[in-house]
Amino acid sequence: MTDAGRSADQLDTGKPHSARMYDYFLGGKDNYPVDAEAAEQVISLFPAVRDMARTNRAFMHRAVRLLAERGVSQFLDIGTGIPTEPNLHQIVQGVVPHARVVYADNDPIVLRHAEALLHSTREGRTAYVAGDVREPGKIIAAARETLDFTRPIALSLVALLHLVADEDEPRRIVRELLEPLAPGSCLTLSHATGDFDPETWERVVEVYRKGGTAAQVRTRAEFTEFFTGLELVDPGVVPAERWHPEPGDRREDGGEGGAAGPGEEIPLYVAVGRKP
């Protein structure tokens, strides 16, 4: 399903887009020179950003797998990004074959790749919504076509809210997305922070803003506010690599190509909260 007001042909290749920059960080090919140029500026400021992107994706995999193992069978993933296998539905339907997944993103290039997001198991179902998180009501309305809002839904806003400025009221957005969800629903978030190196992240944020993206890193306290009224799943709010780590999630020797070294914290807070 798609928003009738958007088209896969409405690609703006004149300025960078965060989803295509993220694809570049992950080593993907679905980006344009303007995206690569902006991404390289970020890499020059923070060489471990590629490691950060991989760490974020590994967290998403662990989080949705854990929720599926705990019985959640419906997922709403906003800020999907360009498909990179395994996708969220592949993870959760590997645990719960009848799981239903709705993806949402505002980049037309993601819509062009939506077919990769729709290869559901026979028992389950996946759907795609072209929508902007700053219009939560429209996303919820479209998601109702696929998801049963009388049962728990796992809402994922992974690596998204640091692309929503305070003036767009991200806390209100989260509240409006959570409000129609049934008790037992969950919120999964990851968010870049400047807590460990404020000066570097001021420069990184400026790269995004010059490209037209309202980036904004937040402190641990500010990130925790998104979970007001929710019950945090252990271990609560932590850097991504400390949330239910699995062998192989991080190269302890620091790897190559600017990966984070031993003991160097990835500046990404994560958490999962449950609606009581």
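Which residue forms a salt bridge with aspartate 166? The partner is arginine 218, and the closest N and O atoms are 3.0 Å apart. A salt bridge here is a side-chain nitrogen of Lys or Arg within 4 Å of a carboxyl oxygen of Asp or Glu.

This is a predicted model: local features need pLDDT of at least 70, side-chain atom pairs count only at pLDDT 80 or more, and totals for chains, interfaces and linings use all residues. Residues are numbered from 1 along each chain as its sequence is written, and side-chain values use heavy atoms, with hydrogens and water left out.

**Salt bridges**

The bridge between aspartate 166 and arginine 218 links distant parts of the chain, 52 residues apart. Aspartate 166 sits in the loop between strand E4 (154-158) and helix H7 (170-178). Arginine 218 sits in the loop between helix H8 (198-210) and helix H9 (220-224). Helices (H or I, at least four residues) and strands (E, at least two) are DSSP runs, numbered from the N terminus.

Are these two partners buried or exposed? Aspartate 166 is partly exposed at 35% relative accessible area, whereas arginine 218 is buried at 2%. Buried means under 20%, exposed over 50%, and partly exposed in between (1.4 Å probe, protein chains only).

The count of salt bridges comes to 16. Three of them are tabulated here.

| Salt bridge | N to O distance |
|---|---|
| Aspartate 132 – arginine 134 | 2.7 Å |
| Aspartate 166 – arginine 218 | 3.0 Å |
| Arginine 172 – glutamate 169 | 3.1 Å |

Shared partners join Asp166, Arg171, Arg218 and Glu225 into one network of salt bridges.

**Histidine 191**

Arginine 218 has another partner. Its side chain makes a polar contact of 3.0 Å with the side chain of histidine 191. A polar contact is a pair of N or O atoms within 3.5 Å; within protein, one must be able to donate a hydrogen and the other to accept it, and residues adjacent in sequence count only if both atoms are side-chain atoms. Histidine 191 lies in strand E5 (residues 186-192). Histidine 191 is buried, with a relative accessible area of 1%. A polar atom of its side chain lies 3.4 Å from the backbone nitrogen of histidine 162.

**A pocket lining**

Arg171 and Glu225 are among the residues that line the second largest pocket. A pocket is an open set of points on a 1 Å grid over the protein atoms alone, where a 1.4 Å probe fits, with protein on both sides within 12 Å along at least five of seven lines; lining residues have an atom within 4 Å of a point.
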